[in-house]
Every structure is written in structure tokens, then in C-alpha cells.
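Visitor: I would like to go through this model and hear the grounds for each label. Please set each value against its cut-off.

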Amino acid sequence: MSSWLLYCRPGFENECAAEIQTRGLQHGISGYCKTRPDSGYVVYTSHDPTADLFAVLALEDLIFTRQWCAIYELLNDLPLADRLTPILRLLKQQQLTYQDFFLETPDTNTGKELQKLCRALSTPLQQELQNSGLHDPQSAYRLHLCFLSTHAAYIGYAPLNNSSTWLMGIPRLRASRQAPSRSALKLEEGILRLLSDKEREQLLQSGMRAVDLGAAPGGWSWQLVQKHLFVIAVDNGPMQPELLESGQLEHIQADGFRYQPAKKVDWMVCDIVDKPKKVTALMARWLVNGWCRQTIFNLKLPMKKRYQEVQQCLTILHDELANADIDATIRCKQLYHDREEVTVCVLVTG
């Protein structure tokens, strides 16, 4: 059997499993998932031992998977005095060498307690990989060790060009004391994850104009101001006073669902808490009317059938744009700084 380990947000194991099974079937790969509530990971096993998800799916196209790797084996009886010997024995039986390695854990409280162990093993593992000839600077693969406990770890690998460059798939961002709220990190991560380096350079230039719907107290507006955009912040609630003094922000007290811009803007961002289909309809209206060219927004998900809700919203958005003869790229990801939500980015390309 061919198996993959998929890292996800704890509590979203079912959504991660439903998505990988659905996407696999779309490419003729059938399989089943093993999940445990709030574990922060899913194990997907294909019925076809020759199946290769890496060849047919891109990690960035998966909404609920942060990081993934193909599994060699679960070693669940690692001796506490010498964990590396059985790991190296297993690796020598495989056909790959590795440019790099990640020592990871699920994103849980138990996982956080194991990160000290991972740090302690890092240097010895690096030395052992070099001494055994398993390290190759030209290799296209990364070794993954995901520790579930002090004596159990999944051992696997992933191609460098189809896996996250961040440990556990989590970018390490620092909250600024000047930001009005921690929600600023959501937009920062969204820009980092959903736009390429070239797109960030071209689409977030100094002097561009943006609208922030549901802006108060100003976390997302602050993020755009830091990138030297001029922002219209739309919200009936108060904005951070320091942000208003920046000279780059205009606060309009209005309902985000009713506001219409006087002229087209480069960006519209939205973090309004409301039903996902209602927010999706609002986003589609902005894009179809040509009020903005790019948008990043959040969809707050219901307690049940969350994957299905996301799929329905994305389908609605795609159909609305297609009916208006608008070519656009739609990307969606559950970010580390998201909670019961996903972040969507739409770039109008034609």
C-alpha cells in the first residue's frame, strides 16, 4: 500500500480526509483515511500500491492540508536511548537520498512538548545522514520525521517542489505591537501563502488603493498600510486612532455589505463574520461589477459539513465569474492563523 501523512489544523481531520479522498478520486486514485479527533494529522492509504499523489496533486491546491509526506513506515517502538539507529536502518533500505530533513510534530499540545526532543535530535541526525551517504545537496527530496510520542514517529519523504518550505507547513510570523489586532497575521499569512513572490511584487505596489470591508479595529487595514497602500476602511465600529493618523487611511462608517466604492480599487479585503454564502455573494458582486481587481477574504465555516460548504462557496464564486466572462485565479487555504475559517484569494487575469 502507498500511504501519505497529511498535517492539518486540529479539529479539521475529517475535512482534510474528505478533501484528499475527493481529490484523489478525481485523478483515478481511490483510498481510505485513518483519523483521530484533534490529532492534527490524517493518514491516507491508496488501494493502488503504485499510486503517487505527488504526481497528480499540488500541496498548494489542497485547502486543509498544511504539509504532507509519503510514509515509509510508522516506527512505534523506538528505544529511548537510541532512536536514530532504527530510523537509519529503515532509511538505508529505501532508494532515496535527501537534500534536507524536517523533524516535526503534529500541531497539538502533545506535539509542542515533543519539539524539545526534535531539536535535540537535529544535529545527530544531520551527522548520521552525512556519514551514511543519505545526504545529497542535489537531491530533489526532503526527509520527514514526525514524532507522535517519545518512542513513535512516522518516517517519510516529500519532493522539495511539492511540499511546504516551512516546518509543519507553518510560517513563523511575529505579531507587531503596533498592529490593532492579531488578525493582521491572517492577512500577512494569506499574502505569503496565496501569492507568489512575483505576484506580491507586481500586485502590492506602493500607492495602490484598497478597500477593507468590516475593517474595525483595523488589523487588515494596518497590514495594507505597512505595504504603503492607501486604504478605505469600511466599518461602523471604531478604528485604531494611530492608524487614522497614518495619512494612508480613510475611515467610512458604513455597512460592508452595502458600501460601493466611488471608483475601482486594486484590492478589496474582507474579514466579515457572517454566513459563508452571503460573504461569497458579496465578493462575487465586487468582482463582477469590476469594483476591484484582486481580493483576499475569509469564509467563517459552520460546525458541520465544513468541506462541503467551502466547495459550494467556491463553485458559486467560479460560476458567477464565468457567467460574467471574467477570467480569474481562485485559491483557497486554511491558514495557520485561521480558526473556524478558510482564506480565499481571487486574482482577475483577464
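Guide: What follows is a set of questions about the labels, each answered from a value and its definition.

Guide: This is a predicted model, in which local features need pLDDT of at least 70 and side-chain atom pairs count only at pLDDT 80 or more, while totals for chains, interfaces and linings use all residues. Residues are numbered from 1 along each chain as its sequence is written, and side-chain values use heavy atoms, with hydrogens and water left out.

Visitor: How do you know how many helices and strands there are in the chain?

Guide: Helices (H or I, at least four residues) and strands (E, at least two) are DSSP runs, numbered from the N terminus. The chain has 10 helices and 14 strands.

Visitor: What makes the radius of gyration agree with a compact globule?

Guide: The radius is taken over C-alpha atoms, and the globule rule is 2.2 Å times the number of residues to the power 0.38. For 350 residues a compact globule would come near 20 Å, and the chain has 22 Å, which agrees. Along the principal axes, the C-alpha atoms fill a box of roughly 65 × 45 × 35 Å.

Visitor: Why is glutamate 15 called buried?

Guide: Buried means under 20% relative accessible area, exposed over 50%, and partly exposed in between (1.4 Å probe, protein chains only). Glutamate 15 has 9%, so it is buried. Arginine 306, at 8%, also counts as buried. Of the 350 residues in the chain, 53% are buried.

Visitor: What makes glutamate 15 and arginine 306 a salt bridge?

Guide: The term requires a side-chain nitrogen of Lys or Arg within 4 Å of a carboxyl oxygen of Asp or Glu. Here the N to O distance is 3.1 Å, and the two side chains meet in a salt bridge. The pair links distant parts of the chain, with glutamate 15 in helix α1 (residues 13-26) and arginine 306 in helix α10 (residues 306-323), 291 residues apart. A search of the whole structure finds 13 salt bridges.

Visitor: How do you know whether arginine 193 and glutamate 60 meet the salt-bridge limit?

Guide: Their N to O distance is 3.8 Å, and they form a salt bridge. Arginine 193 is buried at 9% relative accessible area, whereas glutamate 60, at 38%, counts as partly exposed.

Visitor: What ties glutamate 341 to lysine 186?

Guide: A salt bridge does, with the closest N and O atoms 3.1 Å apart. Glutamate 341 lies in strand β14 (residues 341-348) and lysine 186 in helix α5, so the pair ties together parts 155 residues apart in sequence. Both residues are buried. Salt bridges that share partners join Lys186, Asp271, Lys300 and Glu341 into one network.

Visitor: Why is helix α7 called largely enclosed?

Guide: Helix α7 (residues 219-226) has 8 residues and 7 of them are buried, so it is largely enclosed by the rest of the structure. Trp220, Trp222 and Leu224 are among the buried ones.

Visitor: Which loop holds aspartate 38, and is aspartate 38 buried or exposed?

Guide: Aspartate 38 is in the loop between β2 (31-35) and β3 (41-46). At 51% relative accessibility, aspartate 38 counts as exposed. Its phi is positive, about 60°, although aspartate 38 is not a glycine.

Visitor: How do you know whether the bond from alanine 216 to proline 217 is cis or trans?

Guide: Omega is near 0°, and the bond is cis. Proline 217 is found in the loop between β8 (209-213) and α7.

Visitor: What is proline 159 in contact with?

Guide: Contact means heavy atoms within 4.5 Å. Leaving aside neighbours within four places in sequence, proline 159 contacts Phe54, Ala140 and Tyr141. Proline 159 belongs to strand β7 and, at 10% relative accessibility, counts as buried.
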